[in-house]
Amino acid sequence: MTKARFLVAAGMAALVGVPAFMSQSARADDTDLRAVNNRLDRLERSVNDLQQQSYGGGSSSSGGSAPAGGGSASSADTQARLNDIEEQMRSLTGRIDELSHKIDQTAQDLQSYKADTDLRFKDVQGGAGAAPAPAAGAPAAAGGAPMPLKPGATAGASAPAAAAPAAPTVTLPNGTPQVQYDFAIDLLKRGQFPQARDALKQFLVEHPKDPLAGNAQYWLGETYYVQGQYKDAADSFLKGYTTYSKSSKAPDSLLKLGMTLSQLGQKDAACATFGQLKEQFPNASPAVVARNKQERQKAHCS
């Protein structure tokens, strides 16, 4: 009984650490744990009552004699009730273990989501990195090409000629590159991905050598990635890594290129990309290093 109540306490403590926006399933587990805790309280009271009745009847030396056979019947009834309670306790303990496992899994899922969100939106306000290399033309198609092993490599054969691009849905405001960059990032933060994409493309055309160009190229790739347009995302992240290899966002671009290739089913290229990141950027931020390790394991890289 002590172990069971300890497990309940541990389960409730785990729930305290789960953010308020946890899934409905986790909320149901919370309710179940509370119900189990209440049942354990009732069972504990029942056991205490039975123990008091048993000990009280056995130690009494005053008063009239108990009816013949009454003591045996009472003892048998008490034992039966204790056996029933013990069985319920085992059942509840198993339920607690199951719920605790589900809560732990939910907490891990939320932690993974938080890590992905932190990585995606860290430095979203934009900090200027080292001066990037001059911008190149449109990014090469990722297709089925393997991961490039050095800056300047292409992602494979050139894509077929595309139709004329649609007119942009937004126009950058007048002002400094920083003002225009912030405008595009604000659209991204609001979830207006097509508009943010247009703004970032305009920024890269107008300011290809600005220190913020590498950041803009990375976030352009994100506008494709979050909408499942993985081929376009791969093109953008590849360009962010090759053209802006000196940018502070180059490690992030290489990481997301590997994740995008994995989404495209190109395991070998993805694993090569994760390995490239580890070798070329050993001093990348802890968030990037941790996520790179996680994605390598997820892709079952050797």
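Predicted model: local features only at pLDDT ≥ 70, side-chain atom pairs only at ≥ 80, totals over all residues.

Colleague: Great. How many helices and strands does the protein chain have?

Modeller: The protein chain has ten helices and zero strands. Both are DSSP runs numbered from the N terminus, helices being H or I with at least four residues and strands being E with at least two.

Colleague: And what share of the residues count as buried?

Modeller: Of the 302 residues in the protein chain, 38% count as buried. Buried means under 20% relative accessible area, exposed means over 50%, and partly exposed is in between, using a 1.4 Å probe and protein chains only. As for contacts (heavy atoms within 4.5 Å), residues 24 or more positions apart account for 71% of those in the protein chain with a separation of 6 or more.

Colleague: Let's talk helix packing. At what angle do H8 and H9 cross?

Modeller: Roughly 160 degrees, with the axes of H8 (residues 250–263) and H9 (residues 267–280) coming within 8 Å. That makes H8 roughly antiparallel to H9. Axes are lines fitted to C-alpha atoms, for helices over the stretch in contact, and angles run from 0 to 180 degrees between N-to-C directions. Angles under 35 degrees count as roughly parallel, over 145 as roughly antiparallel, 65 to 115 as roughly perpendicular and the rest as oblique.

Colleague: Which residues meet there?

Modeller: On the H8 side they include Leu254, Leu257 and Leu261, and on the H9 side they include Ala270, Phe274 and Leu277. The residues of this H8 and H9 contact split into ten nonpolar, four polar and no charged. Here Ala, Val, Leu, Ile, Met, Phe, Trp, Tyr, Cys and Pro count as nonpolar, Asp, Glu, Lys and Arg as charged, and the others, Gly among them, as polar.

Colleague: What about H4 and H6, parallel or antiparallel?

Modeller: H4 and H6 are roughly parallel to each other. The axes of H4 (residues 177–189) and H6 (residues 213–225) cross at roughly 20 degrees and come within 11 Å. Tyr181, Ile185 and Leu188 in H4 meet Asn215, Ala216, Trp219 and Thr223 in H6. That contact of H4 with H6 holds five nonpolar residues, two polar and no charged.

Colleague: Switching topic, how many salt bridges are there?

Modeller: The count comes to five salt bridges, each being a side-chain nitrogen of Lys or Arg within 4 Å of a carboxyl oxygen of Asp or Glu. In one of them Lys256 pairs with Glu222, with the closest N and O atoms 2.5 Å apart. This pair links distant parts of the chain, Lys256 being in helix H8 and Glu222 in helix H6, 34 residues apart.

Colleague: Are Lys256 and Glu222 buried or exposed, which is it?

Modeller: Both Lys256 and Glu222 are buried.

Colleague: And where do Lys231 and Asp235 lie?

Modeller: Both lie in helix H7 (residues 230–242), four residues apart, about one turn of the helix. Lys231 is partly exposed at a relative accessible area of 39%, whereas Asp235 is buried at 8%.

Notes. Residues numbered from 1 in each chain as written. Heavy atoms only, no water.
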